[in-house]
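Here is a briefing on strand pairing, backbone geometry and salt bridges. Keep the sequence and the structure in view while reading.

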Amino acid sequence: MKQKVIVESEALTEMYKDAEQAFPNECCGFMYGTEDDAERKILEAVPVINSKEGDQRRRFEISPFDYMKAEQYAINNNTQLLGVYHSHPNHPAIASVHDLAKAMPYFSYVIVSVMEGKIDDVKSWRLEDDGKAFYEEEVVVN
């Protein structure tokens, strides 16, 4: 079942701020909140360091240590780790082949498009059950 993704405005503001500050490089971070059968609610976005070696204008990487910290944060704060956000500098908010190759089941992947340093668009993507493609999730800002 395809869910709606409701993003609290404070969480979206944090993602936008991170994306603009990182420009022309990609930013990245984790998203936390709650979910039921019909929707995911992203209540908090927490930036992390893009640990990608080399060119960060077209790639991001989150260290295994940061993933472990994110899981622990969710436990300690009684919330769910719902996914990862990242930015696409001077590129649409469309999931790339590289994004697909790195994606994990269950997570929502919010992509923030930043054109010439300014926020342009935001979309959310999730892996199909077969893991071979993404489908777009409906994003609603609360």
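Buried means under 20% relative accessible area, exposed means over 50%, and partly exposed lies in between. Asp-55, with a relative accessible area of 40%, is therefore partly exposed. The model is a predicted one. The points below are grouped by topic.

**Strand pairing**

- Strand β7 covers residues 134-141 and pairs with strand β1, residues 4-7, in the parallel sense. Four bridges join β1 and β7.
- Within this pairing, Val-7 stands opposite Val-141 of β7.
- Strand β7 also pairs with β6, residues 118-127, in the antiparallel sense. Four bridges are found between β6 and β7.
- In β7, Tyr-135 is the residue opposite Arg-126.
- A hairpin is formed by β6 and β7, with six residues between the two strands. Gly-131 sits in the turn and has a positive phi of about 75°.

**Backbone geometry**

- Most residues other than glycine have a negative phi, and most peptide bonds are trans.
- Which peptide bond is cis, with omega near 10°? The bond from Phe-23 to Pro-24 is.
- Pro-24 belongs to the loop that runs between α1 (9-22) and β2 (28-35).
- Asn-90 is not a glycine, yet its phi is positive, at about 50°. Asn-90 lies in the loop between β4 (80-89) and α3 (97-102).
- The relative accessibility of Asn-90 is 32%, so Asn-90 counts as partly exposed.
- Glu-116 is not a glycine either, and has a positive phi of about 50°. The loop between β5 (108-115) and β6 holds Glu-116.
- Is Glu-116 buried or exposed? Glu-116 is exposed, because its relative accessible area is 65% and the cut-off for exposed is over 50%.

**Salt bridges**

- Side chains of opposite charge can pair when their charged atoms come close.
- How many salt bridges are there? The count comes to eight.
- Arg-57 and Asp-55 meet through their side chains in a salt bridge, at 3.1 Å from N to O. Arg-57 has 46% relative accessibility and counts as partly exposed. Asp-55 is partly exposed too, at 40%.
- Lys-69 forms a salt bridge with Asp-66, and their closest N and O atoms are 3.6 Å apart. Both lie in helix α2 (residues 64-76), three residues apart, so about one helical turn separates Lys-69 and Asp-66.
- Within this pair, Lys-69 counts as partly exposed at 46% relative accessibility. Asp-66 counts as buried at 14%.
- Another salt bridge joins the side chains of Arg-126 and Glu-137, at 3.6 Å from N to O. Arg-126 is in strand β6 and Glu-137 is in strand β7, so the pair ties together parts that are 11 residues apart in sequence.
- Arg-126 counts as buried because its relative accessibility is 13%. Glu-137 counts as buried as well, with 2%.
- A network of salt bridges links Asp-121, Lys-123 and Glu-136.

**Where the topics meet**

- Strand β7 pairs with β1 in the parallel sense and with β6 in the antiparallel sense.

Note on methods
Residues numbered from 1 in each chain as written. Predicted model: local features only at pLDDT ≥ 70, side-chain atom pairs only at ≥ 80, totals over all residues. Heavy atoms only, no water. Pairing = 2+ DSSP bridges. Buried < 20%, exposed > 50% of the residue type's maximum accessible area, 1.4 Å probe, protein only. Salt bridge = Lys/Arg side-chain N within 4 Å of Asp/Glu carboxyl O.
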